[in-house]
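Here is a short report on one protein model. Look at the picture first, then read on.

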Amino acid sequence: PVRGTRILSVEGAVKRFGGLVAVNDVSFEVNAGEIIGLIGPNGAGKSTMFNLLTCTAPMTAGKVRFLDRDIAGLPQREVARLGLARTFQHVKLRPQMTLLDNVALGAYARTGAGVLKAGLRLDRAEEQQVLQEAQRQLARIGLGDRSHELAGSLPLGTQRILEIARALAADPVLLVLDEPAAGLRRKEKMALGELLRKLREEGVTILIVEHDMDFVMKLVDRLVVMNFGSKLVEGVPAAVRADERVQAAYLGSVV
Ligand code: ADP
Ligand code: MG
């Protein structure tokens with residue numbers, strides 16, 4: 001999509017768990033080429049919103065439009081095939097496999113071929129193509145010369161970056177990241193931030209759900225702030241940081 005065009009819109013999203021309204025009529029948009037952050041204090045509804053917009057959990061009400069299709073209720077595999085890639089808060093790599101094979105697995109998300117097919121029935125040419133693409137993605141994130149190491153041997157920060165490469169191998173239109181900086185050391189956070197900025201330069205659109213305010217403020221073009229399930233504020237980092245309602249929400253929380 002052309003930079004600036006709308007690729008995702010969440011319209012009046014609601015999620016109830018019994019009597020609790022975890023997401024209460026939230027609407028926002030994501031435009032091609034931007035990094036947008038979804039933040040808020042603990043319990044604000046960020047993870048629930050993340051699950052709704054990636055179709056990981058059913059919505060109580062509302063719509064999610066991705067590239068002009070209503071994707072709410074679609075199976076994960078279908079959503080991935082349309083070009084929406086996500087990572088997980090807890091790393092989901094295969095530790096006993098090489099970096100290259102981990103990333104290669106990601107390449108199948110877009111083609112729809114299952115892991116079994118990937119392992120057993122791809123013809124040689126197809127397999128070569130997938131491995132080449134995986135190698136290209138590893139080079140893109142600066143791990144090109146370590147492709148045959150085991151994923152489990154990497155420090156956490158590098159595993160997070162590898163997860164992003166795996167998501168990129170599916171050639172996504174939108175990359176949705178769930179707390180990518182959680183648990184990382186300062187240097188690892190800096191490396192991650194640098195990578196995400198580079199990806200934006202290359203035209204990747206990124207939605208990042210993040211708890212770490214400092215990390216997110218330096219990175220994003222725009223922020224959506226949630227509190228008690230509702231959208232509190234939306235705007236550029238400087239405006240959000242200065243907003244009294246945001247300060248009050250964060251001060252009132254345990255973080
Ligand atoms: P955040 O990610 O911003 O910390 P969550 O989306 O995890 O917030 O949670 C929002 C609210 O919804 C919280 O009050 C939480 O306890 C509640 N909640 C989240 N998931 C569930 C669930 N599966 N069942 C019941 N309540 C839930
Ligand atoms: Mg959460």
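This model is predicted. Start at ligand 1. The shell around this ligand divides into four nonpolar, six polar and one charged residue. Its members are F17, L20, A22, G40, N42, G43, A44, G45, K46, S47 and T48. Two elements, β2 (20-31) and α1 (46-53), each supply at least two residues of this shell. Helix α1 gives the largest share, three residues.

Now step back to the whole chain. The domain assignment gives domain 1 (1-83 + 173-255) and domain 2 (93-171). Their C-alpha centres lie 25 Å apart. Where they touch, twelve residues of domain 1 are in contact with eleven residues of domain 2. On the domain 1 side, α2 (76-82) and α7 each supply at least two of the touching residues. The largest share of that side, four residues, comes from α7.

Next, follow α7 (residues 186-201) to α6 (residues 156-168): the two axes come within 9 Å and cross at roughly 20°. Angles under 35 degrees count as roughly parallel, so α6 and α7 are roughly parallel to each other. The crossing is right-handed. From α6, the contact uses G157, R160, I161 and I164; from α7, it uses E188, A191, L192 and L195.

The table sets out the residue classes of each group.

| Group | Nonpolar | Polar | Charged |
|---|---|---|---|
| Shell around ligand 1 | four residues | six residues | one residue |
| Contact of α6 with α7 | five residues | one residue | two residues |

Note on methods:
Residues are numbered from 1 along each chain as its sequence is written. Chains are lettered from A and ligands numbered from 1 in the order in which they are written. This is a predicted model: local features need pLDDT of at least 70, side-chain atom pairs count only at pLDDT 80 or more; totals for chains, interfaces and linings use all residues. Axes are lines fitted to C-alpha atoms, for helices over the stretch in contact, and angles run from 0 to 180 degrees between N-to-C directions. Angles under 35 degrees count as roughly parallel, over 145 as roughly antiparallel, 65 to 115 as roughly perpendicular and the rest as oblique. A crossing is left-handed if the near helix is turned anticlockwise from the far one by less than a right angle, and right-handed if clockwise. Two residues are in contact if their C-beta atoms, placed from the backbone, lie within 7 Å. Ala, Val, Leu, Ile, Met, Phe, Trp, Tyr, Cys and Pro count as nonpolar, Asp, Glu, Lys and Arg as charged, and the others, Gly among them, as polar. A residue is near a molecule or strand if its C-beta atom, placed from the backbone, lies within 6 Å of it. Domain bounds come from an automatic or database domain assignment.
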